[in-house]
Amino acid sequence: MNELKMNGQEESPTLKRKVPSKSLLLAVWAAGIGGTFQCGYNTSIINAPTKAVQSFINQTWTERYNTEISTQVLTLLWSTIVSIFTLGGLVGASVGGTLAIRFGRKGTLLFNNTFALLAAFFMGLSYPSSTFELLIVGRFLTGVNAGIAICVQPMYIGEIAPRALRGAMAMGTSIFITGGILTGQVIGLNELLGKEEYWPILLSTVCIPAIMQLLTLPWFPESPRYLLIDRGDDVACKKALMWFHGPDKYHGEKEDIERERVSAGGIKPKKPWELFTDTSLRWQLLTLVVIHMSQQLNGINAIYFYADYVFTQAGIPAAKIPYATVGTGACECITALTCGLLIESLGRRALIIGGYFLMSVCCVCFTIALTFQESSPWVPYLSMMCVFAFILSFGLGPGGVTNILTTELFTQTNRPAAYMIGGSINWIAFFFIGMIFPFIVNGLKQYCFLVFLVVCCLVATYIFFVVPETKNKTFLEIQSEFQSRKKLIAANGTEGPLLSTPI
């Protein structure tokens, strides 16, 4: 006789599964290579050709106007080329959820490759046509591509994954982002495409992941949840589930989807502004805002800003610093893989709270190390350790778990709008920190990390008291926990912590 598990339910074959099927792994790869991989790749690839592109802008300006470009205008144009990516990401995140509802998760990912192909065409054409404005257009389109991808890919992976492996498989989002960053850093080395004459080819390589996805993703089914709940296509849903999970293992997932469809009761997918007016989603929405805003405001961008300075102080020659930077990318990628292995055993809460706690410790240590940077020969090496420790802590917690929680805190009718809100907040915070961070550094110097220390501590405290553990729970069970909290508050008139599930 089978033992009764938690909540009085028998453990389904789905929950017993420890390793995803080959079909699921291939589907994650096909979604990721043209999805969030592009986001990471386009974030890092622009760093290598900085001097070459600035030289091209100067040369083009001189040919047009018979005078050299001023330093201020050159800086403005280069800053526009770099930062327009963020604006494109905001646009992409704002429309990603709507596209996912209309064309499906898989259909949107395939359509999204149009932006990457156009971007590669425009950026590759900029040099032979002597038109640096095409670089701005291309970077904007890569931003739109990244914004849509980071909105829709986690939805697709989270909806095709079995409940017992949802966290580990959803880590594919972070793994592909960090993998894209690392790949961009490696491709940008002088030994590959980092030489000055290769920059048009380097920026045009964004078409390669897009082509790879166009060749592979069409062979995989659409999200079963989308097919049944949004489209009402029971036959297609069953075929997709059998394809992903096998003919003898899909029944548990089908039952979960059926229960969610009954709960939805024919309600159409909500718009972002409708989530703000739905009081039953207040805590989920507040959590969404907190975790996405803090992902950009927790200091990870400051660490990368200080990395070159720290490596220089540690005695690394300037010509070798790009290789040390590749080390930081490899560190973050390895940590994302490690998080994927740990998340189903330790749970979401332990990883994200632990990650923010370790980042807080690193902020204190890094502030001390930077303050006494020149007091002893070994202090710069302590700073290097702090850089890698901070990156490891970020990848192990916030970098990996944030997107998973966005998937799990909302049901099917609310999820696209939630990703639009979360993605928009993420890109706005990214742009905001890029604009004000230089002023923070100039004003506070190394003490800027005390600001990030406060952010990390506050977010960890909020998650500890508000966010329940979501491991091995259906989307309806997670929603029920938040609703139980609301009833408890209404009954007692006080807001106690939501700790019905242990860490």
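**Cores, cysteines and a buried lysine**

In this predicted model, the largest nonpolar core has 61 residues, of which Tyr356, Phe366, Phe449, Phe452 and Ile463 touch the most other members. Such a core is a set of buried Ala, Val, Leu, Ile, Met, Phe, Trp, Tyr and Cys residues joined through side-chain atoms within 4.5 Å, with buried meaning under 20% relative accessible area (1.4 Å probe, protein chains only). Helix α23 (residues 448–466) gives the most to this core, ten residues in total; helices are DSSP runs of H or I, at least four residues, numbered from the N terminus. A second, separate core holds 53 residues, including Tyr41, Ile84, Met155 and Phe220.

On to the cysteines. The count of disulfides (cysteine sulfur pairs within 2.5 Å) is zero. Cys339 has the sulfur of Cys333 as its nearest, 12 Å off, and is buried at 0% relative accessible area. For Cys386, the closest cysteine sulfur belongs to Cys365, and at 5.1 Å that is too far for a bond. Cys386 is also buried, at 5% relative accessibility.

Then there is Lys106, found in helix α6 (residues 105–126). Instead, the Lys106 side chain reaches the backbone oxygen of Phe220 at 2.6 Å.

Residues are numbered from 1 along each chain as its sequence is written. Local features need pLDDT of at least 70 and side-chain atom pairs 80 or more, while totals for chains, interfaces and linings use all residues, and side-chain values use heavy atoms, without hydrogens or water.

Methods:
Buried means under 20% relative accessible area, exposed over 50%, partly exposed in between (1.4 Å probe, protein chains only). Helices (H or I, at least four residues) and strands (E, at least two) are DSSP runs, numbered from the N terminus. A polar contact is a pair of N or O atoms within 3.5 Å; within protein, one must be able to donate a hydrogen and the other to accept it, and residues adjacent in sequence count only if both atoms are side-chain atoms.
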